[in-house]
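Here is a short report on one protein. Look over the sequence and the fold before reading on.

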Amino acid sequence: PLSHSNLSPSERTALHSQYNNPDWVIKPANKGGAMVVWHADLYRSEASRQLSDTSSYLSLDHDHTDEHQAIISNTTTGFITSSSLRSQASNLIIPQPRMARFYLLPKIHKLTVLADLLFLRVL
């Protein structure tokens, strides 16, 4: 249990009741320890928008984790064998790597910034 919470007991109960609700996505914010609650459709829409940016992401035809692991393992082992790396570098070889996971960290803006943006939109 948390020793300190900025939520009231009723707010905490309401938040916990939504954790398993598929209509909502609850994620930590990018900073400040805040939590952000997104409607699932908006979360998926933002994920699609970011993943469709081909300057940052490339669609792959299959999971390349095992291939990359073999390259890292062979290269690291080769450098250790040739004494270019210390034997402790074998810690870089992960026996059972997992595929990376994509998720969004929503940005939190200070209220003054949001107020300024809303003011500019009104003008």
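## Ground rules

Helices (H or I, at least four residues) and strands (E, at least two) are DSSP runs, numbered from the N terminus. The model is predicted, so local features need pLDDT of at least 70 and side-chain atom pairs count only at pLDDT 80 or more, while totals for chains, interfaces and linings use all residues. Residues are numbered from 1 along each chain as its sequence is written, and side-chain values use heavy atoms, with hydrogens and water left out.

## Overall layout

The protein has 4 helices and 2 strands. Along the sequence they run α-β-β-α-α-α.

Buried means under 20% relative accessible area, exposed means over 50%, and partly exposed lies in between (1.4 Å probe, protein chains only). Of the 123 residues in the protein, 13% are buried. Accessible areas come from the Shrake-Rupley method with a 1.4 Å probe, and for residues only the protein chains shown count as cover. The protein exposes about 10700 Å². Carbon and sulfur atoms supply 57% of that area.

Contacts tell another part of the story. A contact means heavy atoms within 4.5 Å. Take the contacts between residues at least 6 apart in sequence: 42% of them join residues at least 24 apart.

Leucine 104 sits in the loop between α3 and α4. Is leucine 104 buried or exposed? Leucine 104 counts as buried because its relative accessibility is 3%.

Which residues does leucine 104 touch, not counting residues up to four places away in sequence? They are Lys27, Trp38, Tyr43, Glu46, Ala47 and Gln50. Proline 28 is 76 residues from leucine 104 along the chain, yet their C-alpha atoms are separated by 9.1 Å.

## Two threonines in helix α3

Helix α3 covers residues 65-81. Threonine 65 is found in this helix. Its relative accessible area is 16%, so threonine 65 is buried. Leaving out residues up to four places away in sequence, threonine 65 touches Pro97, Arg98 and Met99.

Threonine 76 also lies in helix α3. It has a relative accessible area of 7%, so threonine 76 is buried. With residues up to four places away in sequence left out, threonine 76 touches Leu85, Ala89, Leu92 and Ile93.

A salt bridge is a side-chain nitrogen of Lys or Arg within 4 Å of a carboxyl oxygen of Asp or Glu. How many salt bridges does this rule give? The count comes to 2.

One joins the side chains of arginine 44 and aspartate 41, at 2.8 Å from N to O. These two residues are about one helical turn apart, because they are 3 residues apart in helix α2 (residues 40-51). Arginine 44 is partly exposed at 48% relative accessibility. Aspartate 41 is partly exposed at 48% relative accessibility.

Glutamate 46 and arginine 49 also meet through their side chains in a salt bridge, at 2.6 Å from N to O. Both lie in helix α2, 3 residues apart, which is about one turn of the helix. Glutamate 46 is partly exposed, with a relative accessible area of 21%. Arginine 49 counts as exposed, at 52%.

## Surface patches

Patches are made of residues with over 30% relative accessible area and no salt bridge; like charges are joined within 9 Å, and nonpolar side chains (Val, Leu, Ile, Met, Phe, Trp, Tyr) within 5 Å. Lys and Arg count as positive and Asp and Glu as negative, while His and the chain ends are not counted. The place of a charge is taken as NZ of Lys, CZ of Arg, CG of Asp or CD of Glu.

Asp61, Asp63, Asp66 and Glu67 form a negative surface patch. Glutamate 67 is in helix α3. It is partly exposed, at 39% relative accessibility.

Leu51, Tyr57 and Phe102 form a nonpolar surface patch, and together they have about 250 Å² of accessible area. Phenylalanine 102 is in the loop between α3 and α4 (111-122). Its relative accessible area is 33%, so phenylalanine 102 is partly exposed.

## A positive phi

Most residues other than glycine have a negative phi. Serine 83 has a phi near 65 degrees, a positive value in a residue other than glycine. Serine 83 is found in the loop between α3 and α4. It is exposed, with a relative accessible area of 62%.
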